[in-house]
Every structure is written in structure tokens, then in C-alpha cells.
Amino acid sequence: MVNVSSPKPDPFATNATRRRYQRLSPIYDVMEGLAEWRYHPWRTKLWSQVPGLCVLEVGVGTGKNMPFYPAGISITGIDLTLGMLQRAQKRAGDLLLRSRVELHIGDAQQMDFPDGKFDSAVATFVFCSVPDPVLGLRELKRVVKPGGRVLLLEHMRSPNPFLGAVMDFLNPLIVRTMGANINRQTVENVRKAGLEIEQIDDLGAGGIFKLIVARIPSK
Ligand SMILES: C[S@@+](CC[C@H](N)C(=O)[O-])C[C@H]1O[C@@H](n2cnc3c(N)ncnc32)[C@H](O)[C@@H]1O
């Protein structure tokens, strides 16, 4: 008989990602502090476009998107890493968001949520580190309702052939030290997962940073 069960995440790669972010969690906000002035307008732009009242944020990290959550929506945030999530819990409390933000440990590649639970889903700087990004994006397609949106803010491999090759060369070192792959082909991965791309905004750095808005196809 043919085995048609859906692909499962690789536990070895997933644990390695979790360990890296656990190690980084005490210094993550300081480490990203300088970059954040650049990210601020991009986060504002993304959250101004999030449709619906019931939103999933995967890879919520230390909760850096929380100040940008629009009023009146409820957010479910998941993250692989306890140390990151504990910081997000504290931030939710500091920003008085506890009544409308639920946080859980969870893996984007294999979520417990039922099909079509959310109106939309958001991830910022996450699919560079999810071990199997296409599997994770397929899970977003499953848990967001047909016609809903997935909004991603991501860095990816440069379209410049020379810079792209440099990024390929440096990638193993960056993954080990920072947890993130710098040479992911995220636009292609979104397509491979079966999402319909509606908008790609090139945010700078020669095509490395992008805001991607994709639609869940109607069944
Ligand atoms: C670079 S941080 C980004 C955090 C936050 N989204 C931000 O914008 O600052 C990547 C986060 O993704 C989480 N992550 C990586 N793989 C994941 C997975 N498979 N499922 C859920 N979270 C994951 C990591 O634990 C980490 O908190």
C-alpha cells in the first residue's frame, strides 16, 4: 500500500534551531537593536495590511511585533523556543495585551490548530530559520481560511549573482552563530507551498529584504 501521510519535520534539524535560539534569547533584543530602526517602518507597513480579527503570528520571538498589533484583533503567537516566548510573555504584559494575545510553544512545520482557524497569518524574519520552510508555509496554508492572507517580512538570497554566491559561502557560519539562513529563496518557497503571491515589495538592500503578501487559494 502507498503511504500518503504528510511529510513530518526533521526532529534533529528542529532541535538544532531551538537550541540556537534558546542560546540567543537573552541577548536577542540587544543584538537586533541597531537593525530595528530599519525594521520599524517595515513592521508598520506589514501590520497596516493585516486583514481579519483572528490572526496567527508564527515565530513570535521576543514579541517585537507586539507594539504594532492593530487594536481590536486577537493574536495567537507561537514559537519553537521557550526562552524567546518567555520574553514575549513579559512584553505582552508590559504592553497590556494579555487579554487579546495568546502565546504557545509550537512548531510552524506541524501545528495543532484546525484547518482554516485563522483569518490571516504573519511571520517576520522567521522563514530564514524554520528548518523546512516549504513545510511551514504549507501549514500556514492549512490553518488560514481559504481567501485569507499570509504576510511575510523576510530577508533572502540576493538576486545579484556575486552577492548570492558570497551569501551561499557564508551561510553555514551564519546559521551556526545567528540561527538564520541568509540564502533562502523565500519567494520561490511561497510559490512551492501553493500560496498565491499578490504583492512583493522590495524593501531595499538590493532585493534582500522583502514584504510578501500571499493569498490562500479557494478550494
Ligand atoms: C529571527 S527570530 C524573529 C523573531 C520575531 N519574529 C522578530 O521579528 O523579531 C526567529 C524566530 O523564529 C523562531 N522559529 C524558528 N523556527 C521555528 C519553527 N519551526 N516554528 C516556530 N518558531 C520558529 C525562533 O525560535 C525565533 O524566535
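How many nonpolar, polar and charged residues does the lining of the largest pocket have? The lining has 21 nonpolar, 12 polar and eight charged residues, where Ala, Val, Leu, Ile, Met, Phe, Trp, Tyr, Cys and Pro count as nonpolar, Asp, Glu, Lys and Arg as charged, and the others, Gly among them, as polar. This is a predicted model, in which local features need pLDDT of at least 70, side-chain atom pairs count only at pLDDT 80 or more, and totals for chains, interfaces and linings use all residues. Residues are numbered from 1 along each chain as its sequence is written, and side-chain values use heavy atoms, with hydrogens and water left out.

The ligand sits in the largest pocket, meaning that more than half of the ligand's atoms lie within 2 Å of the grid points of that pocket. A pocket is an open set of points on a 1 Å grid over the protein atoms alone, where a 1.4 Å probe fits, with protein on both sides within 12 Å along at least five of seven lines; lining residues have an atom within 4 Å of a point.

A nitrogen atom of the ligand is 2.8 Å from a polar backbone atom of Ala-108, and a ligand nitrogen lies 3.3 Å from a backbone N or O atom of Leu-80. The side chain of Tyr-28 places an N or O atom 3.1 Å from a ligand oxygen.

The largest share of the lining of the largest pocket, five residues, comes from α3.

Methods. Polar contact = N/O pair within 3.5 Å; in protein donor to acceptor, adjacent residues only side chain to side chain. Helix = DSSP H or I, 4+ residues; strand = E, 2+ residues; numbered from the N terminus.
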